[in-house]
Amino acid sequence: MTQGRVHVVGAGLAGLSAAVEIAQSGRAVTLYEGSTQAGGRCRSYFDAQLGCRIDNGNHLMLGCNHAILAYLSAVGASDTLTGPAKPAFPFYDLGTDERWTVAMSAGRVPWWLFQKRHRVLASKPSDYLEALRLLRAPAGAAVAERLNPDSLLFRRLWAPLAIAILNTEPEAASAGLLGAVFAEMFGAGGAGCVPLLPREGLSESLVDPALKWLERQGATIKLGARLRALTKDKGRASILHFVEEDVVLAEDDAIVLAVPAPVAASLLPGLVAPDDFRAIVNAHYRVDTGRFDQSFVGLIGGTAEWVFVKPGLLSVTISAADRLVDTPAEELIPLIWRDVARTFSMDGEAPPARIIKEKRATFAATPAQMALRPATRTEVGNLFLAGDWTDTGLPSTIEGAVRSGVTAARAVCAMQHT
Ligand SMILES: Cc1cc2nc3c(=O)[nH]c(=O)nc-3n(C[C@H](O)[C@H](O)[C@H](O)COP(=O)(O)OP(=O)(O)OC[C@H]3O[C@@H](n4cnc5c(N)ncnc54)[C@H](O)[C@@H]3O)c2cc1C
């Protein structure tokens, strides 16, 4: 088979990374995005009410996210990430008014466990061994079944990490999936746990440089191009029906379908895919942050879970937040601000704020949903799936999305070689 054009549908991180990988192989690529902005669940925009650009939600990446780092390097955006130079995670317990920083050693040997000031306050080195139980977890086990939910370390470390990584309550979240992430993080030593954040914004790091690079490679990018159906012929997709146009595929063309799971399921009847999701609520407060020297802090025992310090903004993330999605923004703004104000010792009422509720932020990382994640290849010979919800072995994250895009692109290249 010769090298036909590759049609990538969906310009989230999965579609973008697939398009970059395909363009790197020298193939012709067209990237279609249904909305007027690329980036999907990972994007920035100007908020007129706050008078500044904001991200739809804070996104934390880690030093072990090698696919993200390779993607950024490919498009010349490696220098757009920032963060603390060390693998350090500051925490504040709102219930007890105590603060500590988990400060891991740089290398693979966890010397930090033997230094009291580098551990979770009041924890012992032996407490941490419990995490090994995640590595041998049976497929159906939940996090709270493998780690003791009544322990101090669970409240102060395991649960905050599990909720942030899996966006699912530990009583339901897959222990094996958390174990897979821990293996990548801690297996790589402190360097694998260094937090990485966009220097300016999500789009400025993860989206715009890729679009510009793709354009320079001659790729065609079509925004506002929503795929509504596809025609199949003899086991292959033959026509892509967009709202505005039909695209008839040549014999050797291929498709990477990089849309969210519910959209893929509606386009491909019979596709088995995750169908249960969890919300993330973000609160952005307009604050002069010049005097704060931290880039983020994890909160225990409040409504707010993580606060990120950005130029002119304190930005809060609350994961597995389905309990909050029906609460009006006017109630959430003062509720969340209470935690933020205590953390940073501030008085007074909440400053101007924006609440963003992403109702389907990620699929629920439960064992039942894990079993529904499809492989890249489909029954349609020239159509390949990408997306954080495909069977990447990782939770719904940027790293998972990027890996899925690379996997789909490589599968296309392998097919076009045969
Ligand atoms: C608030 C929030 C916070 C998060 N925090 C983190 C974090 O800290 N760290 C982390 O690693 N991950 C985080 N994530 C998860 C991360 O954002 C996602 O895993 C990742 O962005 C998913 O990328 P994707 O390409 O798989 O899907 P999407 O981003 O959903 O991309 C799919 C694209 O397809 C487009 N599309 C849909 N239908 C059609 C159609 N019919 N035709 C054409 N195009 C279509 C969509 O508009 C979208 O652009 C967070 C997510 C949210 C929402």
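The model is predicted: local features need pLDDT of at least 70, side-chain atom pairs count only at pLDDT 80 or more, and totals for chains, interfaces and linings use all residues. Residues are numbered from 1 along each chain as its sequence is written.

Start with the whole chain. It holds 11 helices and 20 strands. Along the principal axes, the C-alpha atoms fill a box of roughly 65 × 50 × 40 Å. The radius of gyration is 22 Å, which agrees with the value near 22 Å for a compact globule of 418 residues. That radius is taken over C-alpha atoms, and the globule rule is 2.2 Å times the number of residues to the power 0.38. Of the 418 residues, 46% count as buried. Buried means 20 or more other C-beta atoms within 10 Å of the residue's own, exposed means 12 or fewer, and partly exposed lies in between, with C-beta atoms placed from the backbone. Among contacts with a separation of 6 or more, 71% join residues 24 or more positions apart. A contact needs C-beta atoms, placed from the backbone, within 7 Å.

Now the parallel sheet. Five strands form an open sheet in the order β10-β2-β1-β14-β20. Strands pair if DSSP finds at least two bridges between them. At the edges stand β10 (220–223) and β20 (383–385), each pairing on one side only. Neighbouring strands are turned by 15° against each other on average, direction ignored. Within this sheet, four bridges join β1 (residues 6–9) to β14 (residues 254–257). V9 has L257 in β14 as its bridge partner. Helix α11 packs on the sheet and touches β1, β14 and β20; its direction makes about 165° with that of β14. Axes are lines fitted to C-alpha atoms, for helices over the stretch in contact, and angles run from 0 to 180 degrees between N-to-C directions.

Six bridges hold the pairing of β11 with β12 (residues 236–242).

β3 (residues 44–47) and β4 (residues 52–55) pair over four bridges. D47 has C52 in β4 as its bridge partner. Four residues lie between the strands, and G51 in the turn has a positive phi of about 70°. G51 counts as exposed because it has 10 C-beta neighbours inside 10 Å. From G51 to V120 is 69 residues in sequence and 38 Å in space, C-alpha to C-alpha.

Last, the ligand. Of the 37 residues around the ligand, G10, G12, G34, G40 and G57 come nearest. A residue is near a molecule if its C-beta atom, placed from the backbone, lies within 6 Å of it. Elements giving two or more residues to this shell are α1 (13–24), β2 (29–33), β15 (277–286), β19 (353–363) and α11 (398–417). The shell divides into 17 nonpolar, 14 polar and six charged residues. Ala, Val, Leu, Ile, Met, Phe, Trp, Tyr, Cys and Pro count as nonpolar, Asp, Glu, Lys and Arg as charged, and the others, Gly among them, as polar.

Notes. Contact = placed C-beta atoms within 7 Å.
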